[in-house]
Amino acid sequence: MKDLDTREWLLTNGLGSFASGTVGDARTRTYHAWLMAALEPPGRRTLLLSHLDASLEVAGESWALSTNFWSGGKIEPLGYQLLQSFEIDPVPSWIWGQEHWRLTRQLVMPYGLVATKNWESLSNAEFCNRILIQYRYEGTKIATLRLRPLIGDRDFHHQQSATEGLQFSQLVKPQQIYLQGIRGNQVGSPWLLRWSVGEYQPEGVWYWNYYYPEENRRGLGDKEDLYSPGYLSVLLHPGEAVILEARVGWPEVALPELNPNAFEQAVQAEQERQSQLYAQAPVTMKGERDIIWHQLLRSGDQFIAYRASISGPSVIAGYPWFNDWGRDTLIALPGLTLATGRFALARGLLETFGAYCRGGLIPNAFPDAGAEPIYNSIDASLWWIEILGIYLETTQDWDFLAEQYPLVRKIYKAFTAGTFYHIRVDAADGLLTWDVPNVALTWMDVVIDGRPVTPRRGKPIEINALWYSALCWMTRWTEKLVEDSTSNRRRLSDQAQHYAQQAQKVKSSLQKFWNSERNYLYDTIEPDDRRNARIRPNAVLALSLEHCGFAKAQGRRVLRVACDRLLTPYGLRSLDPSDPAYVGYYNGDRWHRDRAYHQGTVWSWLIGPFIRAWKRFYETEPLPWNPLPLLEHFQEQACLGSISEIFDGDPPHSPQGAIAQAWSVAELIRHFEDFGF
């Protein structure tokens, strides 16, 4: 490779653990490592193994294969210049070479949930965090491969410094070392590094001032010290390989032998697991579409994770830095589970989040064990009802409705009577409102120095569209329960009638959002009854729900404006570019990035609601959006095989934010059949 390729790759294991790096093999982020282990799945993600520095000696000549950024901007060694190729499928594979030799490295991160057949038996789940690395040599002469592990013991958000009083203990045994970080009286997580062949030499040394240019670009800490406990020397004949494994914990029983068969078996096991997911999906594709479809299914699976604190499934919102969030999980659920035929998983996610409902609110974030969930979302409960409805229509699982209906009533009563953040129904018009300063409860939730960047107090459009859809669902469900009931028919019938009347009132009141001057919907009706006329994608969200309260003529006008002001090849802008508050590029330090986050930045997940709204209001007209740029991004840009969280509002719409975002991928899966290519 003439130039250093900084596109990224990602491996996950179903526990929140991950491995990531660049095609050119240089670490450009704090989050690049080969074993970022979720010690309390999916939380406490901890860097244990950063990477292995490698050099190869053949016939007295040595080549350094690694590529490292150092403080001051120097890149050394320049191993990427020896890189001949990189492949992402079936596992990340690099080939370095010269005229007379070739070295291939492959990584596989085995699925971490063991002794578990499905998402319905998680109470007995066991988990294992590990990664396998294989180097295979081809050449005309015997070679010596030297591998130096670079390790750490730090939270995945922060850099490590040699001045923190951090030490590492190592216990050397045949073909393995036991490692553990120590800070004063605190000991880190024990882990194991083992290998199939080679001679290990303990030689503890700190490597200072690794530099992470992506963190520098984001205005964050960009330097790190990594520790190396020693190095491994491996004599390789042509065709031979060495396999290494990094594994969390110190096993009490002997582990299976490491050899090339063990590596291939791990790759095969993951391929078989993926094949089961492909077979489960209710649709099949042909030709190139089938290849992309399988890539999308594999990408979507990377976000499904086990949460130990609730003994249930969850969804990582995005890699490398996000945790699992309620709103993101629910919005992503149809694409990740229903469109893929993973109905038991969908049921488990709905059940899990519903079980933690408090005061009518579904948590927007689960903490780790021993802490309380975070209830800072007005819409998570409404999304829960919306997605429950889509699940029920897809699966006809009416027993689940009977189980969850009391929770539906609980949410309804809390919202109508009033709950946290002064969330309540306005008796005058039936619309849902809230009024607490200096908090942000909708998906546009950035707060800087205690002040929301996009204050949306009062009656946001998408919140009330969700409220209307919820009332329609509740009408439908109570009517269904009346059919199946023998003892509560009168009570349920009265409830159905009440919900229907309330839904009709809300539908009439939704006309308050119609802005005839701009042929669009007001974004928010503020507590003092002023209308916020900014053109945002929340109007499109309002048109995309299962039940829509707006007339066809209105919906068509809104979508025309959205096409003109918000639609890009990668999703919808969060604000009209002609608005004085518009920010076209998402860059700089955290303050500048947060200012741009919902002020023009393109969100790729919003293409899903746009497609659903378009199909409703322009059912016979072709979609005015070409999916190929976003699919090209998925296959060739940023994180290979995933979709970025956001893109710049202005051309060329460079990818930004998290390199892999759950709801971005989920919406492509959900609408892949709609793409005509």
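Two strands are taken to pair if DSSP finds at least two bridges between them. The model described here is predicted.

Leu572 has Trp603 of strand 36 as its bridge partner.

Helix 3 covers residues 288–301 and has 14 residues. From its first C-alpha to its last, helix 3 reaches 20 Å. That is close to the 20 Å expected at 1.5 Å a residue. Several residues of helix 3 are buried, among them Arg289, Ile292, Trp293, Leu296 and Leu297. Ser299, Gly300 and Asp301 of helix 3 are buried as well. An α-helix has 3.6 residues a turn, so residues three or four places apart point the same way. The cover over the buried residues of helix 3 includes helix 2 (260–280), helix 4 (326–338) and strand 22 (304–307). Helix 14 (628–636) and helix 15 (662–670) also contribute to this cover.

Some backbone geometry calls for separate mention. Most residues other than glycine have a negative phi, and most peptide bonds are trans. Against that background, the peptide bond from Asp89 to Pro90 is cis, with omega near 5 degrees. Pro90 lies in the loop between strand 8 (83–87) and strand 9 (93–98). A cis peptide bond also joins Pro651 and Pro652, with omega about 5 degrees.

Positive phi values occur in residues other than glycine. Arg44 has a phi near 50 degrees, a positive value, and is not a glycine. Arg44 belongs to strand 4 (residues 43–58). The relative accessibility of Arg44 is 43%, so this residue counts as partly exposed. Ser311, not a glycine either, has a positive phi of about 50 degrees. Ser311 sits in the loop between strand 22 and strand 23 (312–315). Strand 22 is also among the elements that cover the buried residues of helix 3. With 39% relative accessibility, Ser311 counts as partly exposed.

Key. Residues numbered from 1 in each chain as written. Predicted model: local features only at pLDDT ≥ 70, side-chain atom pairs only at ≥ 80, totals over all residues. Heavy atoms only, no water. Helix = DSSP H or I, 4+ residues; strand = E, 2+ residues; numbered from the N terminus. Expected span 1.5 Å × (residues − 1). Buried < 20%, exposed > 50% of the residue type's maximum accessible area, 1.4 Å probe, protein only. Contact = heavy atoms within 4.5 Å.
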